[in-house]
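This report concerns strand pairing and aromatic contacts in a predicted model. Please consult the sequence and structure shown here while reading.

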Amino acid sequence: MERVLVFLVIVWGVGVAQYYPYCTVPQWEGYQSTYGGIFREGQVVLDEMLTRVAYDLNNTRLALFTSGTTGGVSRKIDYIYNYQERILYTIEGPTCTKTPLTEPFKKQCTPKGAVMTWGKTWLGGAGPNDELWILGFTGQLNNISYHISFNQFPVVPVFETLMGEVDGVSLYQNSNFMNVTVGIKDPAVFNPPPSCKAVDVEPPDSSTRRSHGILTL
């Protein structure tokens with residue numbers, strides 16, 4: 001019996017400190033796995049989340065279906081960001097709340113001042129169909145250092161690492177993106193459930209603010 005050797009080779013390079021307005025494809029779906037935590041008042045609070053993502057730049061909308069633990073407490077919450085209506089729908093079990101969106105839709109693009117790195121990856125063999133180009137970018141955004149990467153063809157997120165301070169709180173977060181496909185298979189993922197119809201819009205709070213990262217949602 002023949003044995004097939006599967007191997008992984010990654011070659012990295014460093015680019016120049018130049019701004020590359022590099023963005024993901026306008027529509028994609030996939031999963032985001034996030035692990036990290038914050039250090040506040042002498043306490044460490046850990047997060048471990050798995051999020052199913054539907055990202056739609058063309059219609060400025062975003063759906064996040066999250067499950068995981070925060071500080072050891074399990075939660076399952078769905079978020080539907082409708083920027084045309086400027087409403088965030090938050091669904092937890094049978095409860096739906098609506099709050100106004102006070103920030104614009106966040107495109108998944110490299111920030112100004114990012115330094116580009118690159119990597120060429122071979123999976124399984126050295127044939128032309130076995131290689132992947134991974135483009136990475138590093139930099140500083142406000143008080144956060146970041147390292148983000150994209151697959152080049154098609155341009156979809158691969159991972160993001162954040163480390164720094166937000167509002168006086170130390171933050172570390174690592175996110176990986178998996179099973180990403182281009183396009184939106186079923187636009188109904190952006191439709192809020194019937195329980196949201198009769199709900200009044202509440203004043204905005206901190207929950208309307210999305211991730212402090214660049215790719216993370």
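## Strand pairing around Leu162

Tyr146 is positioned opposite Leu162 of strand S11. The strands concerned are S10, residues 144–151, and S11, residues 156–166, which pair in the antiparallel sense over eight bridges. Four residues separate S10 from S11 in the hairpin that they form.

Leu162 also has a bridge partner in S12, namely Gln173. Strand S12 covers residues 169–182, and its pairing with S11 is antiparallel, with eight bridges. The hairpin of S11 and S12 has two residues between the strands, and Asp167 adopts a positive phi near 55° there.

## Aromatic pairs

Nine aromatic pairs are present in the structure. In one of them, the ring centres of Tyr22 and Phe137 lie 5.8 Å apart with the planes at 35°, so this pair is classed as tilted. Tyr22 belongs to the loop between strands S1 (8–14) and S2 (27–40), whereas Phe137 lies in strand S9 (residues 131–141); the pair thus links distant parts of the chain, 115 residues apart. Tyr22 and Phe137 are both buried.

Trp28 and Phe177 form an edge-to-face pair, at 6.0 Å centre to centre and 85° between the planes. Because Trp28 is in strand S2 and Phe177 in strand S12, this contact ties together parts 149 residues apart in sequence. Both of these residues, Trp28 and Phe177, are buried.

## Ring cluster and a charge over a ring

Trp28 and Phe177 also belong to a cluster linked by ring pairs, together with Tyr55, Tyr79, Tyr81, Tyr83 and Phe105.

Arg52 is placed over the face of Phe65, 4.3 Å from the ring centre.

Conventions
Residues numbered from 1 in each chain as written. Predicted model: local features only at pLDDT ≥ 70, side-chain atom pairs only at ≥ 80, totals over all residues. Heavy atoms only, no water. Pairing = 2+ DSSP bridges. Phe/Tyr/Trp six-rings, centres within 6.5 Å; stacked < 30°, edge-to-face > 60°. Buried < 20%, exposed > 50% of the residue type's maximum accessible area, 1.4 Å probe, protein only. Lys NZ or Arg CZ within 6 Å of the ring centre and 35° of its normal.
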